[in-house]
Amino acid sequence: MCGVFGAVVPVGSETEAAAVAALGLFALQHRGQESAGVAVSDGEQLMVYKDLGMISSVLDERRLPSLRGRLAIAHCRYSTTGSTVWENSQPTLRLGPRRAISLGHNGNLVNTRELLAQLRGGRARLSASTDTELLTALIADEPAADTVEALLHVLPRVRGAFSLVILDERRVIGVRDPHGFRPLVLGRLPLPESGDDLLPGLWGDDERVGWVFASETAALDIVGAEFIRDVAPGEIVVLEQGQAPRSVRYAEAQPALCVFELIYFARPDSYMEGRNLYEVRRKMGEQLALEHPVETDLVMPVPDTGAPAAAGYAEASGIPYREGLVRNRYSGRTFIQPSQTMRQRGVTIKLNPLREVVRGRRLTVVDDSIVRGTTTKQIVSILRKAGATEIHVRISAPPIYHPCFYGIDTQIETELIAASHSLEEIRSFIGADSLGYLSIQGVLAALELPYEQFCFACFDGRYPEPVPYDAASRKFMLEEDPLEAVGGLVLPGARG
Ligand code: SF4
């Protein structure tokens with residue numbers, strides 16, 4: 001996960017790019033809650049402000065005014081490589097012999113150890129233990145005169161998932177890996193209609209419009225930007241003040257967008273592949289009702305992310321839809337918190353049953369995923385204690401059998417309940433009366449797009465990018481003794 005945003009505000013704008021970037025980042029808080037930060041350039045120097053914590057506590061009105069400049073990038077972090085410590089927060093900042101670079105990364109590299117071997121001075125030169133810090137150092141070190149040229153040298157050696165926003169003194173650059181595992185969109189800050197200026201002074205009355213990058217289209221909406229297009233897999237898009245975006249290809253596109261972005265991670269009001277994600281998820285619920293019908297009194301979602309699929313299930317089954325669990329909006333997403341202890345505590349903090357709705361009823365409970373099973377088990381237990389007579393769990397995604405190495409922190413196979421338990425064993429563990437998962441065919445029917453466009457690897461093990469064995473279980477590899485490193489073995493991508 002992680003959220004990234006980049007902004008170039010128009011010449012003459014009174015609004016600083018940091019304000020636009022921070023505002024855009026607020027729409028991406030769900031993508032990472034461990035740390036947040038902004039980097040700005042005033043045309044001569046870069047400055048970064050970042051800290052551990054939620055965006056609103058890090059980027060508040062006391063800090064933002066001091067971050068002056070027309071170019072900015074912003075990042076919120078969910079860790080997939082390296083611990084949750086200040087040094088590992090982003091954007092990174094690196095001064096090289098030819099350039100200063102700041103970088104925000106969504107994704108996870110799979111050839112980190114190989115790249116580390118290419119870094120002059122090795123791990124001792126890194127001030128953080130993330131693959132992002134390593135990538136920043138490699139780009140900053142490149143002797144090429146220009147940042148884009150440096151990227152053309154470095155990026156072909158980098159493997160894995162990376163949607164990047166990069167800042168140098170004069171540019172904001174957006175990059176997507178050749179598979180486009182993680183999303184990244186380009187937007188334009190339009191001229192305002194009179195009296196409708198969300199950010200006063202931002203929009204000039206000339207042709208010099210501003211440009212933004214964002215992980216999701218919902219972040220364009222919040223800053224009033226118009227969606228222009230996706231940054232293509234294998235593409236570099238360069239934004240400079242007063243100029244139209246410039247596109248540079250560094251690799252052939254082999255699209256494999258993470259299907260989990262559409263099922264669960266991204267906001268329902270975002271669009272991907274031309275589809276609104278609420279609608280996609282509602283259709284997944286319809287498919288789920290076709291594949292796993294059950295006679296109950298009510299269909300209810302696990303809030304908030306299960307709601308669109310539950311609505312679709314209710315519509316297709318004709319069973320009334322009601323909400324039976326109330327979510328504490330300020331407790332965060334349990335999946336995203338890094339430790340199991342935090343996750344277990346998180347469920348009871350965040351969900352409370354509506355006893356009047358639940359008591360004496362047979363329930364179809366719709367959620368979008370079961371990862372470790374502990375959260376679902378607690379939800380079933382909460383509903384039983386509240387008086388539900390039957391609980392039938394329906395999941396609007398297939399079972400997760402395989403870990404993700406491309407930016408989702410389910411790196412150890414033993415953490416995944418479906419990898420080691422049968423359907424019946426999972427049902428018994430969570431304490432439900434029945435359990436049904438949507439099939440891959442059901443997901444595709446809802447998407448109305450071909451399988452080849454997506455990564456489904458956590459469901460079917462067909463990794464679009466082969467994963468070296470040492471990347472397979474080593475979130476903390478840059479914090480370990482390199483002599484202990486395991487190398488050589490490769491989990492082959494079944495797609496070649
Ligand atoms: S393995 Fe799963 S979570 Fe990871 S990128 Fe592929 S579909 Fe997404």
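Around the ligand stand Phe181, Cys258, Val259, Phe260, Cys404, Tyr406, Ile408, Cys455, Phe456, Ala457 and Cys458. This shell holds 11 nonpolar residues, no polar ones and no charged ones. The model is predicted.

**Ligand shell**
- Two helices, α7 (259–265) and α16 (457–460), each give at least two residues to the shell around the ligand.

**Helices α8 and α9**
- The axes of α8 (residues 277–291) and α9 (residues 307–317) come within 6 Å and cross at roughly 45 degrees.
- The two helices, α8 and α9, are therefore oblique to each other.
- The crossing of α8 past α9 is right-handed.
- On the α8 side, the contact includes Tyr278, Arg281, Arg282 and Leu288.
- On the α9 side, the contact includes Pro308, Tyr313, Glu315 and Ser317.
- The contact of α8 with α9 draws on 11 nonpolar, 3 polar and 5 charged residues.

**Cis peptide bonds**
- Gln90 and Pro91 are joined by a cis peptide bond, with omega near 5 degrees.
- Pro91 sits in the loop between β4 (71–77) and β5 (92–95).
- The bond between Pro303 and Asp304 is also cis, and its omega is about -10 degrees.
- Asp304 belongs to the loop between β17 (298–301) and α9.

- Glu273 has a positive phi, near 50 degrees.
- Glu273 lies in the loop between β15 (271–272) and β16 (275–276).
- Glu273 counts as partly exposed because it has 17 C-beta neighbours inside 10 Å.
- Glu448 has a positive phi, near 55 degrees.
- Glu448 is in the loop between α15 (440–447) and β23 (454–455).
- With 10 C-beta neighbours inside 10 Å, Glu448 counts as exposed.

Technical notes
Residues numbered from 1 in each chain as written. Predicted model: local features only at pLDDT ≥ 70, side-chain atom pairs only at ≥ 80, totals over all residues. Near = placed C-beta within 6 Å. Helix = DSSP H or I, 4+ residues; strand = E, 2+ residues; numbered from the N terminus. Nonpolar A, V, L, I, M, F, W, Y, C, P; charged D, E, K, R; others polar. Axes fitted to C-alpha atoms, helices over the stretch in contact; angles between N-to-C directions. Parallel < 35°, antiparallel > 145°, perpendicular 65-115°, else oblique. Left-handed = near helix turned anticlockwise from the far one by under 90°. Contact = placed C-beta atoms within 7 Å. Buried ≥ 20, exposed ≤ 12 C-beta atoms within 10 Å, placed from the backbone.
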